Amino acid sequence: MKLAIIVPEIQNCGPVNVVLSIIKNLNLEKVDIMLIAVRKTNYSTSIFKFCNLGVFYLDDHKSYLNGLKELTKDIDVVHSHGYFPDKLVSSLNMEIKKISTIHCMFFKDYPKEYGFIKGYLGAFLHLYYLNKGNFNYIVGCSDSVSKYYKGMISSDEIVTTIHNGVDQDRFCKISLSEKIKLKQVNGFKDKNIFIYSGRLIRRKRVPELIEFFKKYAIENSILLILGDGPELGQCQTIANDNVIFLGHVDSPEYYYQFSDFIMSNSSAEGYPMSILEAVSCGCYAFLSEIPSHQEFIDRNPQLGSFLVSLVERLDFSSEDIDRNSLSAKEMANQYFNLYMN
């Protein structure tokens with residue numbers, strides 16, 4: 001079977017890391033893989049070696065759509081992620097099998113990301129492309145995302161769920177002695193390390209998270225902020241000496257592995273990759289009360305709880321807890337079965 005996976009651009013972000021994990025963990029004896037990005041970036045990864053049909057950029061073609069048609073003329077299944085990939089794939093002929101994975105809730109996320117008018121217009125158009133594009137499957141990255149689209153997609157039968165998973169070769173626990181050593185090396189000996197990882201945008205409500213941390217975190221606690229964005233200045237203004245800004249980092253697993261807790265105060269998520277990654281590295285998750293976070297806690301009750309329980313749960317121990325439910329291998333197996341179906 002020949003598979004083409006299409007993303008807006010190849011970069012270090014949640015949805016693209018999902019794609020790369022799928023590619024890495026597919027059965028390469030049964031699947032030939034092509035990776036296509038709408039826009040070219042300088043990002044490179046060793047996972048490109050699994051793409052035996054090549055890695056291509058539609059920027060190299062005069063027309064995005066004509067370029068996509070040329071690249072996929074001998075492809076059996078095309079799997080798109082995101083607004084522009086879904087828009088382009090919706091115009092491909094019906095002989096090719098089409099799958100789209102949705103990583104967010106359009107009418108909740110787009111207005112917060114792009115403003116009210118542009119966001120709602122983008123949400124309506126994205127839904128239009130999914131409905132007119134003759135997709136064989138629409139995959140939600142969580143049950144909460146799939147349920148959100150029931151009734152919006154022309155046929156509920158094509159809507160299904162495959163939970164996000166992480167590369168546990170990369171995002172893995174280290175020994176307690178190694179963790180203690182990393183804390184010492186980074187100047188955090190005997191500290192409780194909390195971490196936030198993601199963009200500093202309104203949807204993530206990071207200023208409110210910092211205020212919550214300042215109010216409720218116990219002594220000897222540090223909050224590391226990984227990421228940047230338009231609310232950086234506001235966050236820095238309200239932060240105290242126990243909040244440390246590290247900016248965007250390419251290897252967040254280094255910080256996850258010596259942290260104790262991952263925090264998210266987001267108002268909307270698909271199935272947050274930063275939480276899955278940090279928990280795979282041994283962190284315990286404190287999360288805001290939204291459907292996708294509730295779903296994570298329901299599926300992994302030993303690995304997370306809501307932010308309001310922070311004071312009660314600092315005695316958490318991450319030893320000997322099964323994290324296989326977070327694995328990218330299981331996610332890739334489910335996508336493989338969908339492709340072959």
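Colleague: What should I know about the numbering and the model before I start?

Modeller: Residues are numbered from 1 along each chain as its sequence is written, and side-chain values use heavy atoms, with hydrogens and water left out. This is a predicted model, in which local features need pLDDT of at least 70 and side-chain atom pairs count only at pLDDT 80 or more, while totals for chains, interfaces and linings use all residues.

Colleague: How many helices and strands are there in the protein?

Modeller: Helices (H or I, at least four residues) and strands (E, at least two) are DSSP runs, numbered from the N terminus. The protein has 13 helices and 13 strands. Its radius of gyration, taken over C-alpha atoms, is 20 Å, close to the 20 Å that the globule rule (2.2 Å times the number of residues to the power 0.38) gives for 341 residues, so the protein is as compact as a globular protein of that length.

Colleague: What share of the residues count as buried?

Modeller: Buried means under 20% relative accessible area, exposed over 50%, and partly exposed in between, with a 1.4 Å probe and protein chains only. Of the 341 residues, 55% count as buried. As for contacts (heavy atoms within 4.5 Å), residues 24 or more positions apart account for 63% of those with a separation of 6 or more.

Colleague: Where is Glu269 found, and is Glu269 buried or exposed?

Modeller: Glu269 lies in the loop between β11 (261-264) and α11 (273-280), and Glu269 is buried, with a relative accessible area of 10%. A polar contact is a pair of N or O atoms within 3.5 Å; within protein, one must be able to donate a hydrogen and the other to accept it, and residues adjacent in sequence count only if both atoms are side-chain atoms. The side chain of Glu269 makes such a contact with the side chain of Lys204, at 2.6 Å. Leaving aside residues up to four places away in sequence, Glu269 touches Ser292 and His293, among others.

Colleague: Which residues of helix α12 are buried?

Modeller: An α-helix has 3.6 residues a turn, so residues three or four places apart point the same way. In α12 (residues 291-299), the buried residues are Ser292, His293, Glu295, Phe296 and Ile297, and they pack against α6 (143-149), β11, α11, β12 (284-287) and β13 (304-306).

Colleague: What does Ala328 touch?

Modeller: Ala328, in helix α13 (residues 328-340), is buried, with a relative accessible area of 1%. Not counting residues up to four places away in sequence, Ala328 touches Ser21, Asn25, Gly165, Val166 and Asp167.
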